Amino acid sequence: MAEVKDAHIVEIPFDEEDLERQATATENGPSVVRHHPLAEISRSPGHLLLLKLWQREENLVSRRLAATESRKDAIRGEIFQLCCFFFLFHGLFFTMLFTSSESNRCQKWWIPFGLSLSVSCATVFLVQGKLCRYWKVDQQLQKERAEGRALTRCIQELRMKGASFDLDKEPQNGKKMKSSSVEIKWRPLRCCSMYRVTIFVVCFAGIMLSSCRLVLCY
């Protein structure tokens with residue numbers, strides 16, 4: 001038997017039932033394609049335009065999300081650097097106080113106290129400002145994510161329904177409203193959780209300030 005390369009073997013049906021089944025599939029095939037939601041959208045100028053606009057808006061939302069996340073990460077890094085500088089400063093500062101050999105250093109305890117107080121106040125002010133900005137960006141990020149999810153749901157619904165989709169429908173954020181009593185009840189805990197870094201820095205600064213005179217005079 002001769003070998004035939006690069007040849008496709010096609011099985012030709014000879015049974016009458018197979019022929020009738022293939023004929024039925026051929027007749028129904030174009031009808032199925034014609035009633036597909038994407039095919040209906042392609043024939044409807046309004047639905048096609050709406051799909052393109054929503055896809056373009058979805059792309060813009062994804063870009064805004066990436067930019068907002070980058071801003072959030074940058075602010076987090078700045079807060080970390082401020083805290084590291086604060087702890088490093090006080091570590092070196094108290095090392096110098098411990099190793100100081102002046103005889104009248106107890107009389108000048110207010111000098112290191114004032115220096116530590118100035119650095120602590122500046123650090124607390126900067127950290128609190130960064131945290132306010134951080135949570136503002138985080139709130140914006142959550143809002144943009146909700147808008148992106150709502151837009152994605154509408155695009156999926158349009159692709160599934162086809163020409164039967166309502167053109168007047170707009171993406172809606174499905175965020176549930178919380179009761180005012182629950183919000184008031186948990187607001188102090190939420191604030192403490194959001195600004196726990198500032199609280200920790202303030203407590204650490206208080207310990208360092210109260211230790212200045214103890215280190216120099218005792």
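**Contacts, helices and confidence**

A: Start with contacts, meaning heavy atoms within 4.5 Å. Of the chain's contacts with a separation of 6 or more, 82% are between residues 24 or more positions apart.

Q: What should I know about the source?
A: This is a predicted model, so local features need pLDDT of at least 70 and side-chain atom pairs count only at pLDDT 80 or more, while totals for chains, interfaces and linings use all residues. Residues are numbered from 1 along each chain as its sequence is written, and side-chain values use heavy atoms, with hydrogens and water left out.

Q: How many helices and strands does the chain have?
A: Six helices and zero strands. Here helices (H or I, at least four residues) and strands (E, at least two) are DSSP runs, numbered from the N terminus. The order from the N terminus is α-α-α-α-α-α.

Q: What is the mean pLDDT of the chain?
A: The mean is 76, and 69% of the residues reach 70 or more. pLDDT is the predictor's confidence in each residue, from 0 to 100.

Q: Where is confidence lowest, and where highest?
A: Lowest in helix H1 (residues 16-34), with a mean of 45. Highest in H4, at 89. Over residues 22-29 the pLDDT is below 50, and that stretch has one contact in the model beyond near neighbours in sequence.

Q: Which residue follows H4?
A: Glycine 162, with a positive phi near 75°.

Q: New topic. How many aromatic pairs does the structure hold?
A: Eight. Rings of Phe, Tyr and Trp (its six-membered ring) pair if their centres lie within 6.5 Å; planes under 30 degrees apart count as stacked, over 60 as edge-to-face and the rest as tilted. One of the pairs is phenylalanine 87 with phenylalanine 204, edge-to-face at 4.9 Å centre to centre and 85° between the planes. It links distant parts of the chain, with phenylalanine 87 in helix H3 (residues 45-99) and phenylalanine 204 in helix H6, 117 residues apart.

Q: And the aromatic cluster, which residues form it?
A: Phe85, Phe89, Phe93 and Phe94.

Q: Is threonine 198 buried or exposed?
A: Buried, because its relative accessible area is 9%. Buried means under 20%, exposed over 50%, partly exposed in between (1.4 Å probe, protein chains only). Threonine 198 lies in helix H6 (residues 196-217). Leaving out residues up to four places away in sequence, threonine 198 touches Val124, Val127, Gln128 and Leu131.

Q: What share of the chain do buried residues make up?
A: 25% of the 218 residues.

Q: How many disulfides turn up in a search of the whole structure?
A: Zero, where a disulfide is a pair of cysteine sulfur atoms within 2.5 Å. Cysteine 121 is partly exposed at 47% relative accessible area, and cysteine 132 is partly exposed at 37%.

Q: Last one. How far apart are lysine 52 and isoleucine 155?
A: 103 residues in sequence, but 9.6 Å in space, C-alpha to C-alpha. Lysine 52 is in helix H3. Its relative accessible area is 49%, so lysine 52 counts as partly exposed.
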